[in-house]
Amino acid sequence: MLLRVRVTLPDRPGALGQVARTLGVAGADIVQVVVLERLGGRAVDDFTVVWPGASRVERLLAGLAAIPGVQVDGVWKAIGAPVSGGHDAELLAQVAANPADGLATLVDAVPGLLAADWAAAATVPADWAARADAPRTLPSDPTVAYASWRAPGPLHLPEITPLRARPLTGADGTRFAIAPFGRAGLVLVVARSDADDLPAAAFHVTEVDRVAQLIRAAAVILGDRLDAVAVPSPL
């Protein structure tokens, strides 16, 4: 199976190689490495690895924990290998080529881009956050314009207002990335969940920025089509 392993490590020569060697010794075959951040002498890297299904992940975690200065931020199953920013442009081209299905195309593709479990486009009233009696969570059955494969039903989403791009964690530990389209109260929600005792990592700021840029571009392409998505009536 494919696993995504996120580690924070010292940003010094040899540290990345030490992590790679440890993954190899534990039985992981590295498919790709993505550097998410380099700041203040530390780096955050995502490793996508092929992991033998019969092997216990605890062996991998123990090996990484033994490396001085290395911290494991998350390990979770990946749908596929991470893809580069070039795929973002390809996705937007697909949205532009068939705008009638543009929202569905976007929502279906985003989980693969971010090694997430599912995504959904949901709507909230424009004044929802401003109401004095606003609930702290969305209704049990929020208005969902489109949901990707593997999205649970009904969706139970955390409070997603104010509408701005950000990561957050739900009450059940699900990790979310939120990005508003800026029209019709429409918001893209991307999710990762823990599974099989594997702790998924929170969405990194670079991942949130990536999704926000995609959404802004898609909103320009789809334009008035997004306004046709019904906004939930006041509660």
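## Salt bridges

Arg38 is exposed, with a relative accessible area of 60%, where exposed means over 50%, buried under 20% and partly exposed in between, computed with a 1.4 Å probe on protein chains only. The model is predicted: local features need pLDDT of at least 70 and side-chain atom pairs count only at pLDDT 80 or more, while totals for chains, interfaces and linings use all residues. Residues are numbered from 1 along each chain as its sequence is written, and side-chain values use heavy atoms, leaving out hydrogens and water.

The structure holds 10 salt bridges, a salt bridge being a side-chain nitrogen of Lys or Arg within 4 Å of a carboxyl oxygen of Asp or Glu. One of them joins the side chains of Arg38 and Asp11, at 2.9 Å from N to O. This pair links distant parts of the chain, with Arg38 in strand 2 (residues 29–39) and Asp11 in the loop between strand 1 and helix 1 (15–26), 27 residues apart. Helices (H or I, at least four residues) and strands (E, at least two) are DSSP runs, numbered from the N terminus. Asp11 is partly exposed, at a relative accessible area of 32%.

## A buried pair and a network

Glu207 and Arg6 meet through their side chains in a salt bridge of 3.0 Å, N to O. Glu207 belongs to helix 5 and Arg6 to strand 1 (residues 2–10), so the bridge ties together parts that are 201 residues apart in sequence. Glu207 is buried, with a relative accessible area of 7%, and Arg6 is buried at 3%. Both residues belong to a network of salt bridges that links Arg4, Arg6, Asp46, Arg192 and Glu207.

Arg192 also has its charged end over the ring of Phe203, 4.1 Å from the ring centre; the criterion is NZ of Lys or CZ of Arg within 6 Å of the ring centre and within 35 degrees of the ring normal.

## Aromatic pair

A search of the whole structure finds one aromatic pair. Trp118 and Phe176 are arranged edge-to-face, 6.2 Å centre to centre and with 75 degrees between the planes. Rings of Phe, Tyr and Trp (its six-membered ring) pair if their centres lie within 6.5 Å; planes under 30 degrees apart count as stacked, over 60 as edge-to-face and the rest as tilted. Trp118 lies in strand 5 (residues 118–123) and Phe176 in strand 8 (residues 175–180), so the pair ties together parts 58 residues apart in sequence. Both Trp118 and Phe176 are buried.

## Nonpolar cores

A nonpolar core is a set of buried Ala, Val, Leu, Ile, Met, Phe, Trp, Tyr and Cys residues joined through side-chain atoms within 4.5 Å. The largest has 28 residues, of which Leu103, Leu106, Phe181, Leu188 and Val190 touch the most other members. Two or more residues come from each of helix 3 (86–97), helix 4 (102–114), strand 5, strand 8, strand 9 (186–192) and helix 5 (205–222). Helix 5 gives the most, seven residues. A second, separate core of 20 residues includes Val5, Ala15, Leu23 and Ala43.

Not counting residues up to four places away in sequence, Leu106 touches Leu91, Val95, Phe181, Ile215 and Ala218, with contact taken as heavy atoms within 4.5 Å.

## Helix 4

Helix 4 has 13 residues and reaches 19 Å from its first C-alpha to its last, close to the expected 18 Å, a span given by 1.5 Å times one less than its number of residues. Its buried residues are Gly102, Leu103, Leu106, Val107, Val110, Pro111, Leu113 and Leu114. Ala115 follows helix 4 with a positive phi, near 50 degrees.
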